[in-house]
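Work through the exercises below with the sequence and the structure at hand. Each task is followed by a solution in steps.

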Amino acid sequence: MGAGEESFGRPIAARLIGRYELSLRQYDDLARIPLHVHHEPYVTVVLEGGYREQAGPATRNCGAHNIIVHGPDEKHSDHFGNRRTVCMDIRGVPFERSTFFDRPSNFQICDKLRREFRQPDRFSSLVIDSLMLELQVASEREPGENRVPSWLRSVHSRIDDQFHDPLSLTTLARQVDIHPTHLARSFRHHYGLTVGEAVRERRIHFAMKRLATNLPIEMVAMEAGFSDHSHFSRTFLRATGVTPAAFRRSLR
């Protein structure tokens with residue numbers, strides 16, 4: 001970190017991989033981080049939970065698998081909700097501007113970064129180089145953080161928080177006072193998938209993590225928001241190419 005910079009949250013683990021400093025931090029419920037500045041650019045990857053970040057006029061509703069690029073000398077404050085939040089910070093990055101990524105494609109980038117952190121080898125630095133270059137190119141192409149309307153980011157955050165609930169397009173549209181047709185069109189335009197697909201993707205990703213535990217598959221299905229075990233198995237098979245039981249066996 002640059003001189004005079006601070007790190008917040010409770011440190012979990014840290015690694016130096018090539019020229020990158022990677023650190024995992026946990027933030028307590030309802031934690032607040034006052035306005036502060038980091039002089040060197042860095043990337044934050046939200047692995048679990050979420051928070052709200054205020055950077056000048058921009059408000060970022062940061063949820064799981066969002067990626068936040070903080071440009072040099074950016075000032076921001078953070079407010080964490082009533083849930084456990086875990087983030088990975090990456091320093092030693094070449095970014096010149098701040099960018100907020102909340103696209104579904106972030107899932108793959110986050111999973112790769114998590115994997116390289118857990119099991120680094122002699123190729124890990126090259127993998128991270130490639131991922132940072134991908135983000136840098138995307139950052140330069142972004143027209144600005146206001147490209148995605150705030151109401152649409154709110155819908156995306158609600159899906160991330162409440163994916164296990166019976167969400168509907170009409171209910172989500174009513175909550176942000178937007179016509180359902182406009183919501184459906186805007187969501188697909190900005191995120192590349194429908195609202196229903198986003199909910200299903202979030203449920204499957206949650207289920208994949210829970211299948212790594214000893215929880216009965218029927219309970220995993222219920223926690224993920226599926227109506228029954230049969231519905232869960234069909235949806236999981238269609239999304240991943242394997243059944244939940246086969247996926248669990250592969251983990252072991």
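**Exercise 1.** Determine whether strand β4 is mostly covered or mostly open, and find its partner strands.

*Solution.*
Step 1. Strand β4 spans residues 42-48, and six of its seven residues are buried. Buried means under 20% relative accessible area, exposed over 50%, and partly exposed in between, with a 1.4 Å probe and protein chains only. Strands (E, at least two residues) and helices (H or I, at least four) are DSSP runs numbered from the N terminus.
Step 2. The model is predicted: local features need pLDDT of at least 70, side-chain atom pairs count only at pLDDT 80 or more, and totals for chains, interfaces and linings use all residues. Residues are numbered from 1 along each chain as its sequence is written, and side-chain values use heavy atoms, with hydrogens and water left out.
Step 3. Two strands pair if DSSP finds at least two bridges between them. Four bridges link β4 to β7 (residues 67-70) in the antiparallel sense, and V45 stands opposite I67 there.
Step 4. With β9 (residues 85-91), β4 forms six bridges, again antiparallel. Here V43 faces I90, and V46 faces C87.

**Exercise 2.** Give the strand order of the sheet that holds β4, and say what packs on this sheet.

*Solution.*
Step 1. The sheet is open, has six strands in the order β1-β2-β9-β4-β7-β10, and pairs in the antiparallel sense.
Step 2. β1 (10-17) and β10 (99-101) each have a single partner strand, so one side of each is left without a neighbour in the sheet.
Step 3. Neighbouring strands are turned by 15° against each other on average, direction ignored. Axes are lines fitted to C-alpha atoms, for helices over the stretch in contact, and angles run from 0 to 180 degrees between N-to-C directions.
Step 4. Helix α1 (residues 106-118) packs on the sheet and touches β1, β2 (20-27), β4, β7, β9 and β10. Contact means heavy atoms within 4.5 Å. The direction of α1 makes about 80° with that of β1.
Step 5. Helix α2 (residues 124-141) also packs on the sheet, and its direction makes about 75° with that of β2.

**Exercise 3.** Describe the other sheet, of four strands.

*Solution.*
Step 1. This open sheet has the order β3-β8-β5-β6, with antiparallel pairing.
Step 2. β3 (32-38) and β6 (58-63) are the edges, each with a single partner strand, so one side of each lacks a neighbour in the sheet.
Step 3. The twist averages 20° from one strand to the next.
Step 4. Six bridges join β5 (residues 50-55) to β6, and Y51 has C62 as its bridge partner in β6.

**Exercise 4.** How many disulfides does the structure have, and where does C62 stand?

*Solution.*
Step 1. A disulfide is a pair of cysteine sulfur atoms within 2.5 Å. The search of the whole structure finds zero.
Step 2. The closest cysteine sulfur to that of C62 belongs to C87, 8.0 Å away, which is too far for a bond. C62 is buried, at 2% relative accessible area.

**Exercise 5.** Which residues of helix α9 are buried, and how are they arranged?

*Solution.*
Step 1. In α9 (residues 244-251), P244, F247 and R248 are buried.
Step 2. Seen down the axis, the buried residues of α9 fall within an arc of 100°, so they line one face of the helix. The arc is that of the directions from the helix axis to the C-beta atoms.
Step 3. These buried residues pack against α6 (195-210), α7 (217-224) and α8 (229-240).
Step 4. The face of α9 turned away from the buried side carries the exposed residues R249 and S250.
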